[in-house]
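Open the model in your viewer and keep the selection tool at hand. Each stop below tells you what to select and what is there.

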Amino acid sequence: MKKPIITLVIASSLDGRIAFPEGGDKPLGSSTDKKMLNKSLKNIDATIFGSGTLKAHRSTFLLKDKDQISNIQPISIVAGNSNNFSSVWPYFQQPIRKWHINSSNIKKNNNLNFEKEFLYQGSWGKTLNLLCKEGIQNIALLGGGKLINSFAKEDLIDEIKITITPKIIGGDFIWIPVYTQDKIQSNWIIKSINKLETDELFIHYIKY
């Protein structure tokens, strides 16, 4: 069964948090981290993130070219229940192609401008195979914790690009949920490390 290459791209605090304790859309990383994110998304076909991430941010990152919004954007894929989405959110006006992965037992929200809808196939391995058949070869996984955990427990993540920000912030938003009882065993080796001028570290791991 084929699947796209999956690269997890996240910013994390020193204590493993990917959002501030109060949640919301306040960025964890710096503007320099956003430049690294822009670089990480240059050669991918699609991004994927969970419905909770969309509800928190109500928009997604747009690829830039010389500080201008690029005419070429990866397809944006949202996974989860769309019933609580609102068509007035900025996301649904952003100049990107939007796909949705929905559960088979959840009614679709037909007021949203998703170009394509897919049913979750019972595992992410099988669901990613559908995307592979659509020509998607490289995906950036952008969060949140539940979706990252779902991919990790099926051992579907091939690379990790993580920006470590010099903050200790506490809270519940860690990138592998503490409540999980799934056994996750993956070993990683460092491909590159960049120290940013903001005292952040950008680390690129590949699976061992």
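A pocket here is an open set of points on a 1 Å grid over the protein atoms alone, with protein on both sides within 12 Å along at least five of seven lines; lining residues have an atom within 4 Å of a point. This is a predicted model, in which local features need pLDDT of at least 70 and side-chain atom pairs count only at pLDDT 80 or more, while totals for chains, interfaces and linings use all residues. Residues are numbered from 1 along each chain as its sequence is written, and side-chain values use heavy atoms, with hydrogens and water left out.

**Stop 1: a pocket**

Select K34, K35, N38, F61, K64, D65, K66 and D67. They line the second largest pocket. The volume of this pocket is about 180 Å³; a volume is the space filled by probe spheres set on the points, with grid points joined across faces, edges and corners. Helices (H or I, at least four residues) and strands (E, at least two) are DSSP runs, numbered from the N terminus. Which helix gives the most to the lining of the second largest pocket? Helix 1 does, with three residues. Strand 3 (64-65) and helix 1 each supply at least two residues of this lining.

**Stop 2: helix 1**

Now select S40. S40 sits in helix 1, which covers residues 31-40. Is S40 buried or exposed? Here, buried means under 20% relative accessible area, exposed means over 50%, and partly exposed is in between (1.4 Å probe, protein chains only). S40 is buried, because its relative accessible area is 9%. Show its contacts too (a contact means heavy atoms within 4.5 Å). S40 touches V9, K161 and F202, leaving aside residues up to four places away in sequence.

Next, go to K26. K26 is in the loop between strand 1 and helix 1. With a relative accessible area of 51%, K26 is exposed.

**Stop 3: a cavity**

Rolling a probe the size of a water molecule over the atoms shows where empty space is left. A cavity is a set of grid points where a 1.4 Å probe fits but cannot get out. How many cavities of 30 Å³ or more are there? The count comes to one. The largest cavity holds about 40 Å³ of space. To find it, select T47, T60, F61, Q73, P74, S76 and I96, which line the largest cavity.

**Stop 4: salt bridges**

A salt bridge is a side-chain nitrogen of Lys or Arg within 4 Å of a carboxyl oxygen of Asp or Glu. The structure holds five salt bridges. Visit three of them.

Start with R97 and E115. Their side chains meet in a salt bridge, at 2.8 Å from N to O. R97 is in the loop between strand 5 (75-79) and strand 6 (98-102), and E115 is in the loop between strand 6 and strand 7 (116-119), so the pair ties together parts that are 18 residues apart in sequence. R97 is partly exposed, at 41% relative accessibility. E115 is partly exposed, with a relative accessible area of 41%.

Move on to E134 and K116. The closest N and O atoms of this salt bridge are 2.6 Å apart. E134 lies in the loop between helix 3 (124-133) and strand 8 (138-141), and K116 lies in strand 7, so this pair ties together parts that are 18 residues apart in sequence.

Then pick K207 and D155. In this salt bridge the closest N and O atoms are 2.9 Å apart. K207 belongs to strand 11 (residues 201-207) and D155 to the loop between helix 4 (145-153) and strand 9 (159-165), so the pair ties together parts that are 52 residues apart in sequence.

**Stop 5: helix 4**

Stay with D155. Just after helix 4, D155 takes a positive phi of about 55°. Now select the helix itself. Why is helix 4 largely enclosed by the rest of the structure? Seven of its nine residues are buried, so the rest of the structure largely encloses helix 4. Those buried residues are G145, L147, I148, N149, S150, F151 and A152. They pack against strand 1 (5-13), strand 2 (46-50), strand 5, helix 3 and strand 8.
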